[in-house]
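Please read it alongside the sequence and the coordinates.

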Amino acid sequence: MDIDFHTHGKLAKYLAFSPDYTDWLFSEAISAGLDALCLTEHFNTQGFHDVYSDVARRFSRIGDAYDVNGLLVFPGMEIDVAEGGHTLALGSMEEVLSLNAWLEPHKAKGQFLPFDELADEVHRRGMRFGAAHPFRAPGHLPELSDEQLAKFDFLDLNGKDLARDRERSERLTGALGERLGIPVISGSDTHQAFQYGCVVTRMARRCTTFDALFAQVEAGEYQIVLAEDAAFRVKTAGYLKRALKEIDRLGGDYVATILAGQAL
């Protein structure tokens, strides 16, 4: 089972939720060969609840995931911390929505939760806690104490970082995981379809619950597979994102623009 542990369902945080755009992303994830993904939208994105409630309303639930035309979509969330840096919280749809509501007073810059408080709350809820692209500037997660870092259940070897500097990303993330005894898994960090498949975590077996998923992770029954054209995919996705945001800024319909391309 090829899974992407870090993906987004919106083009940008400030844009309104578009079911059509998210559906396009999911269909392109299938075309890219993914069997599953974790939908880890930014916790302070506009319409966060709408993104997840739409998935829960329209698609059948299987374990902790949702069957989106054969693609397993696991709920999650990307969360900033006061010290600087991003984290990932993975769990049931109920816990993701509940945690997001609990975080409401801490969604603006300058009001983010301290790391320890967030980590403790995520674990109290029985969710998995991860370090998102830990060595990407201007984040400061690696500066936390080893005692704090040990609260992570996994580290994200991120597709964007691999595309920009594979040697550095693998060396630093791998060394941190080895030192702390924390597994390293991968995510594309995509907001646009072209980035899907740049890196995947290839699990030994298909599963539909986080318990089964992380049992394989903790047993090391997976491998990280980086596409030969990963750098091209990430670069192209960046161009697409900028172009679509510019269409929106000029008053155009970026969703209609991208969907029109499917008919070509």
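Two bridges join β7 to strand β8 (residues 154–158), and the two strands run parallel; strands count as paired if DSSP finds at least two bridges between them. Helices (H or I, at least four residues) and strands (E, at least two) are DSSP runs, numbered from the N terminus. The model is predicted: local features need pLDDT of at least 70 and side-chain atom pairs count only at pLDDT 80 or more, while totals for chains, interfaces and linings use all residues. Residues are numbered from 1 along each chain as its sequence is written, and side-chain values use heavy atoms, with hydrogens and water left out.

**Strand β7**
- β6 and β7 run antiparallel and are joined by five bridges, with L90 opposite R128.
- Five of the five residues of β7 (residues 128–132) are buried, so the strand is largely enclosed by the rest of the structure. Buried means under 20% relative accessible area, exposed over 50%, and partly exposed in between (1.4 Å probe, protein chains only).
- R128, G130 and A132 are buried on one side of β7, F129 and A131 on the other.

**Helix α3**
- M93, V96, L99 and N100 are the buried residues of α3 (residues 93–102).
- They cover an arc of only 135° around the axis, which puts them on the same side of α3; the arc is that of the directions from the helix axis to the C-beta atoms.
- These buried residues pack against α2, β3, β4, β5, β6 and α4, where contact means heavy atoms within 4.5 Å.

**Salt bridges**
- The structure holds 20 salt bridges, each a side-chain nitrogen of Lys or Arg within 4 Å of a carboxyl oxygen of Asp or Glu.
- R128 forms one with D211, the closest N and O atoms being 3.1 Å apart. R128 lies in β7 and D211 in helix α8 (residues 210–219), so the pair ties together parts that are 83 residues apart in sequence.
- R128 is buried at 17% relative accessibility, whereas D211 is exposed at 52%.
- R202 and D2 meet in a salt bridge (2.8 Å, N to O). This pair links strand β10 to strand β1, 200 residues apart.
- D23, D54, R57 and R58 are linked in a network of salt bridges.

**Loop residue Q195**
- Q195 is found in the loop between β9 and β10 and is buried at 2% relative accessibility.
- A polar atom of the Q195 side chain lies 2.7 Å from the backbone oxygen of S188.
- Leaving aside residues up to four places away in sequence, Q195 touches residues including K160, D189 and R233.

Terms used. A polar contact is a pair of N or O atoms within 3.5 Å; within protein, one must be able to donate a hydrogen and the other to accept it, and residues adjacent in sequence count only if both atoms are side-chain atoms.
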